[in-house]
Amino acid sequence: MVLKDLYDRFRDPKAIQALSKEIEKEAEKLDRTINIMEVCGGHTHTIMKYGLLQLMPKNINFIHGPGCPVCIMPKERIDHAYILAMREDVILCTLGDMIKVPGSKGSLQDARSNGGDVRFVYSPLDVLKIAKENPDKKVIFFAIGFETTTPMTAALLENAIKQNIKNMLFHINHVTVPEVMKELIDSRDEHVDSYNNQIDAFLGPSHVSVIAGSKIYEQFPSQYNRPVVVSGFEPVDVMEGVLMMVSQFVEGRCEVEIQYKRSVSKEGNLKAQELIENYFEKRELFKWRGLGNIPKSAWKLKDEFGEFDAEKIYELPKEEIEDHKLCICGDILRGIAKPTECQVFGTACTPQKPLGSCMVSSEGACAAYYKYGNLL
Amino acid sequence: MQKTITLSMGNGGIENQELIEKIIFRHIKNEFLERAEDATSLSEFKNPVFTTDSFTITPLFFKGGDIGKLAVAGACNDLAMMGAKPKFLSLSFIIEEGFNVRDFEKIVRSIKKELDINEAKVVTGDTKVVPKESCDGIYINISAIGERVKEFSQKNIEVGDVVLISGDIARHGASIFASREGIELENEITSDCKSLWPVVERLIKEDVKIKACRDATRGGVAAVLNEWAKAKDLCFEIEEAKVKVSDEVRGICEILGFEPFILANEGTFVAAVDINDSQKALEILKEFNENASVIGIVTDEYPQKVLLKSEWGTRRFLDMPSGEILPRIC
């Protein structure tokens, strides 16, 4: 089997068009518009890139969610990365487009051009090699991401311990999906109705559940009356996921369903979960950019691994930093505003000169709207 | 001769002469270089076109080419895309101390081979050696003069023109990414690096009404189409499925989260052609590369935009690439 076989079937024009017709037929039976939040920015980009919204009936509305690890990073933590990167004895490593996101001092890209040693890696395990090749430096992994990337960071720490690598440190920013979903439903404003969520259902990201299982969403149908469909990222996956969702509403069901059966189970990857439990514990609170402090929504290193914890070893500022006052990323991440409703969208805020990280990240909603245009 | 480049080989003295004689002149000497003067006097051109480019690349040797081939093809292609036949080149090396002389000779051989394909000559040059770690192996700068045979220009593009592409896209960018990051594939990707004058010459000889040509180097096909769309205030409507991408390249793009449209090509060009000549153009392009295809048309529906149409009937804009190309997080 070649890679092509893995995605070709899931971009088949006939299958996409057939699913579009099915959704339309099924949606005619709905008595109201349903608002589906795609939690993950990856889904937002699939919907925009493949133009799937153009294939949806009018009574299906997508709400873009907070599931982008770059978008939800508050400025103070990006500043931590910047401060660490500017130390002469430090090589700061991170994943992908984290290096483009502006903190209050600038982005990691700026740190690099100001002389900081910033490197992006394809896999956290690449950091091992960098640490071995630079024994006279402290190599800090600025770890970001949801359930998907957390086990890799744990594996990196496990390898560093096994191989007795002493010059590697971690700045942990791993966050979890269900807690932020709960926050979006729970947060209410008694005085401003429009500030309350309109979410009827969630499209869950498949890669999160490959690791954590579909079980992490079980509370949503039972406690919050919101169905969840765990869906893949190819166009056929998303279309099928939406069809499954609409069918639940039509049939009066409310449950967790798995569209991405090819890799997701209820239990998930137990070995990966064990790896996380071995090295990490939940933080009491973690500040999400634009959303505020959310209880138990992020991981930190267990105290016994304090010697690897850059937050413990270095003096890093604790005070919170406000976002630009014109930026409405918080409302966008919360699903109560669309990127185009922001007055600086595409003018003062562009991918080249972003005010907020939703415009920078390759998974950000603003970036998707900017990149794929206004044909929707 | 020593096996590695030394600082003294750039000092203008005996060692410098030895490097020039034994490696560079051995392969690319001609009547102009033989004069060994500070500058070269050239006969007059009827319609000269002049370009310059610097080449830095990691790795220096890649599947499908090396920095030498890339430099000559790249500079000559800039001329070919203007309808000009490449004629005379300057060739300037900046070499890092300690660079392997055998590798240097391999690069010079590639230069010679590519010069012959373009029937062009190096008429002046320079060699500098810089201390270790002050450059990344070797840099090459080339300026080139050609004679314009036919005038292609983006200013000629108009509504109704047909857009063609000379081959499958993104092979150079994907192969460099794959080799730089050590991504191993069952079928290795070969860069499309090659000189385009031969195919352009054929198109001119067959009198194909070409409006504009552009090689889709850095920024890829997305950059070329967006530049044209903005320059002419027109819309380029592209059928996504008609733009061919090899399975290997698509694989790399899937793994890293890239769009093939933004990755570099070094021997693939986009052409805007009069609708009446588009079939003739396609047939000629296909003689040189079976993956050549007609990919779309020029309209005025969304001025300054490139519109991508999917096979399942949806549409979206293809944006101008920006910033560093970085792999996705999840």
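Is K112(B) buried, exposed or partly exposed? At 31% relative accessibility, K112(B) counts as partly exposed, a class that lies between buried (under 20% relative accessible area) and exposed (over 50%), using a 1.4 Å probe and protein chains only.

## About the model

This is a predicted model, in which local features need pLDDT of at least 70 and side-chain atom pairs count only at pLDDT 80 or more, while totals for chains, interfaces and linings use all residues. Residues are numbered from 1 along each chain as its sequence is written, chains are lettered from A and ligands numbered from 1 in the order in which they are written, and side-chain values use heavy atoms, with hydrogens and water left out.

## Salt bridges in chain B

Let us stay with K112(B) for a moment. Its side chain meets that of D116(B) in a salt bridge, at 3.1 Å from N to O; the term stands for a side-chain nitrogen of Lys or Arg within 4 Å of a carboxyl oxygen of Asp or Glu. Both residues belong to helix α4 of chain B, four residues apart, about one turn of the helix. Helices (H or I, at least four residues) and strands (E, at least two) are DSSP runs, numbered from the N terminus. D116(B), at 44% relative accessibility, is also partly exposed.

Over all chains, the whole structure holds 44 salt bridges. One of them joins R26(B) and E105(B), whose closest N and O atoms are 3.3 Å apart. R26(B) sits in helix α1 (residues 14-28) and E105(B) in helix α4 (residues 101-118) of chain B, so this pair ties together parts 79 residues apart in sequence. R26(B) is exposed at 56% relative accessibility, whereas E105(B) is buried at 15%.

A further salt bridge links K211(B) with D161(B) at 2.9 Å, N to O. K211(B) lies in strand β8 (residues 210-215) and D161(B) in the loop between β6 (138-148) and β7 (162-165) of chain B, so the pair connects parts 50 residues apart in sequence. Both K211(B) and D161(B) are buried.

## Where the chains meet

Here 39 residues of chain A are in contact (heavy atoms within 4.5 Å) with 25 residues of chain B. The area buried between the two chains is about 2900 Å², with carbon and sulfur atoms giving 62%; buried area is the accessible area (1.4 Å probe) that two parts lose on being put together, summed over both.

How many salt bridges are counted between chain A and chain B? The count is one, and it pairs E254(B) with R11(A) at 2.7 Å, N to O. On the side of chain A that touches chain B, the elements giving two or more residues are α1 (3-8), α2 (13-27), α3 (41-49), α5 (108-113) and α15 (365-372) of chain A.

## Inside the chains

The largest nonpolar core has 71 residues, and those with the most contacts inside it are L92(A), F202(A), Y217(A) and W288(A). Such a core is a set of buried Ala, Val, Leu, Ile, Met, Phe, Trp, Tyr and Cys residues joined through side-chain atoms within 4.5 Å. Another core, of 42 residues, lies apart from it and includes F55(B), F62(B), A84(B) and V122(B).

Finally, visit T149(A), in the loop between β5 (138-145) and α7 (150-162) of chain A. T149(A) is buried, with a relative accessible area of 2%, and its side chain reaches the backbone oxygen of I144(A) at 2.9 Å.

Methods. A polar contact is a pair of N or O atoms within 3.5 Å; within protein, one must be able to donate a hydrogen and the other to accept it, and residues adjacent in sequence count only if both atoms are side-chain atoms.
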